[in-house]
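Good morning, colleagues, and thank you for the time.

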Amino acid sequence: MKLAVISCIHGNYEALKAVLSDIEAQKADQIYCLGDLVGYGPYPNEVVNQIRSLEIPTCQGCWDEDIVEGLNACECSYPSQLAEHRGKLAHEWTNKEIRPDVREYLATLPLSLKRDNLCFVHGSPNSQHEYLLPSMDGFAALERVLSTDADVLFCGHTHVPYVRELADAKLSVTVKSPARSDAPQQFQATLKRIINAGSVGEPRHGRPNATYVLYDTDTAQVTLREVAYNYTKTCLAILEKGLPSIFAWRLARGMEFAERADDPTHVCER
Amino acid sequence: MQSFDLTLVAGPPGVGKTTWISQFLANPSRPLFYLCPCAQDAVDFARIGYCFPWVSIISDDQAADVLADLPDQAQVFIELGFHMDLGSPLLVALPGRRIAIVPPSLDSSEWHNWADEVIPSPNQQVSGELASASGKLPTIWRSPLTGQVFDPPSLDEVLIELTGGAYGQVTRLKGIFELPDGQAFYVDFVEGLPGIEYTELKLPRWLEGRPDRFSGLEIVGHNLEQKTIAQALLTCCLADDVLLQYQRQYQQLQLEDETVAAETEPGVVA
C-alpha cells in the first residue's frame, strides 16, 4: 500500500492543491497529515476545509494547538526576538481570520495517529512543539520512537524532510529497587526509523517548492517528493490579506517565516 | 615653513576607499587627520575613531579651521563619497593628491578624469555602476543606533534580509552594532561580494546600561523601504529589562573569569 504523508501546510492553499495533485499522480492509496494546517499563510480556513472534505486523517500541530489553546510557547519555538514578534503577528492574524467551526475542528485533532507499525505525530510523541532534528542524540531519538511502540515514526515540524535509521540499538537499563537486583538488563531494539515529511506550505530548504513523502508499506521504501507550485499566488495573497510582506519574501526563497530550532539537545518544556 | 600631505580619495561604493586609507592611518608616526565631508553621522567616522584613536577626526564645521592650521608633517585623508560633486569649486581648490579607486572593469568614468592616480579596487565583483536600470542614483540611508543593543540572532536575520533585497536593493551596507555581551561589531556588505563580514571592534565591553558610544547603520541602495527597515531594526533591539538581565549574567561571567585568572597567576615571591 502506498501512503502519502504531508505536514505543515500553514494556510498555503496553493501549495496544498499542488501536492494533492502530485499525490494523485503518484497513485497513493491513503494520505496522512501531520498537522500545522494553519499559521503564517493567508488561507487557513480553505486549507482546513480541503483536509476535512477529503477526510484525511490528521494529527494536531503546534500552530493548530495554539489557535485552540492560545500561545504558550517554550523558548524553542522562536530562535530570536524578531522571530517571536513575527510569530505573534501571524498568530493574532490567524486567530482573527479563523472561522469558529474551523477552530472547533482543530480542537478535535488527536496528538498522534497509529496504523499497524507506523505512528504519525507533528513534532514528537512528547509534544507537538518538540523538534526531532536529524542531529538529535541517537539515544533520545530512539527513546521517542520506542515510546510509540511503532517501528516507523512519521513527524514534521522541522520543515526539512529527512529519513533517519536507528539500527542495531543495544540498550542497557538498571532499575534501582530494594526488591530487585540492580543488575543491568539488556535490550536489543529492532530497526527503527524516523521519517520527516518536510513542509507543504512553508519549506525551509532554500527553494519555494513544497515537500512531502511517499511510503510503501510493503517494501518500506521512502520517497521524498518536492513539488513546484505557483508560490507567487500565495505571496500576493499574503500582501493582499495584510500579513507582513516579509513572509512573502521569505516564502519565495524557501526560508522559514519565523520558527526554527537549532539545538538538537533542547528538550521542549511546553 | 610647515608642510603637510593631503590626499583626496574617491570612488564608487564598495571599492574599498576606507580600507585603502586605513593602511596609512595604522601608522601613528605623523599627525593624522581624517575627513569625510557630509557624513558626520557616518559609520566610517566612528570606525576610524574606534580603530585608530590617534587619528584626529575632522567634522565639516571644523574643517576650514583645522585645514588652515595643520601641524608640521601632518597627513590628511579626505574620503569623498560617491554623492560628492568632484567638480565643486571647494574640492577643486584643495591642493592634494587625487586618488580614485575604481573597479578593474571600469575603463572610463568621472573618477578617471578627476584623479591623479587610479588604483584598481581589490573588490573585483563591484560593478561601479551607480545608477539603477531606471537611471536613478542610489539613496544613502543612515540610522543612528547609539544606545541600542541588539538580540544577536535577530540582527543576523535582519541583515540577511536587508542584504538579500527584502527591503529594496542594497548595494552597500556598513554598520556598528552593540551586542548584549558588551561587544561592538563592525558589519560590512558589498553587493557582488560573498557574505556579510563581521569584525569585532577592540573596545571595552559595555556592561553597565545602554552604551554611550556611537553605533549606527548606513545603507546605499535603490528603492529602500526606510520605514520598514527602521521597524525591523527596532524589533531586534533589546528592552531595558532584557538588557539588564543579560548584563547581569555577563558581569557574573566576567567576575568568574577574573577570579580564575587571579588564582592561576604566578605569585610574587618576596
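Let me begin with chain B, which contains 8 helices and 11 strands. Please bear in mind throughout that this is a predicted model. Along the principal axes, the C-alpha atoms of chain B fill a box of roughly 65 × 55 × 35 Å. The chain has 270 residues, and 49% of them are buried. If we take the contacts in chain B between residues at least 6 apart in sequence, 69% of those contacts join residues at least 24 apart.

Next, the surface and the charges. The accessible surface of chain B amounts to about 13,600 Å², and carbon and sulfur atoms account for 54% of that area. Chain B carries 15 positive and 36 negative side chains. The centres of these two sets lie 3 Å apart.

I now turn to the aromatic residues. How many aromatic pairs does a search of the whole structure find? Over all chains, the search finds 13. One of them joins A:Y32 and A:F120: the ring centres are 4.1 Å apart and the planes meet at 5 degrees, so this pair is stacked, the limit for stacking being under 30 degrees.

Let us return to chain B for another aromatic pair. B:W20 and B:F24 are edge-to-face, with 4.8 Å from centre to centre and 65 degrees between the planes. Why are they separated by about one helical turn? The reason is that they lie 4 residues apart in helix α1, residues 17-25 of chain B. B:W20 is buried, at a relative accessible area of 14%, whereas B:F24 counts as partly exposed because its relative accessibility is 26%.

Finally, a charge and a ring. The charged end of B:R47 is placed over the ring of B:Y186, at 4.0 Å from the ring centre.

Thank you for your attention.

Terms used. Residues numbered from 1 in each chain as written. Chains lettered and ligands numbered in written order. Predicted model: local features only at pLDDT ≥ 70, side-chain atom pairs only at ≥ 80, totals over all residues. Heavy atoms only, no water. Phe/Tyr/Trp six-rings, centres within 6.5 Å; stacked < 30°, edge-to-face > 60°. Helix = DSSP H or I, 4+ residues; strand = E, 2+ residues; numbered from the N terminus. Buried < 20%, exposed > 50% of the residue type's maximum accessible area, 1.4 Å probe, protein only. Lys NZ or Arg CZ within 6 Å of the ring centre and 35° of its normal. Contact = heavy atoms within 4.5 Å. Areas by Shrake-Rupley, 256 points an atom, 1.4 Å probe, with all protein chains shown as cover. Lys, Arg positive; Asp, Glu negative; His and termini not counted. Charge placed at Lys NZ, Arg CZ, Asp CG, Glu CD.
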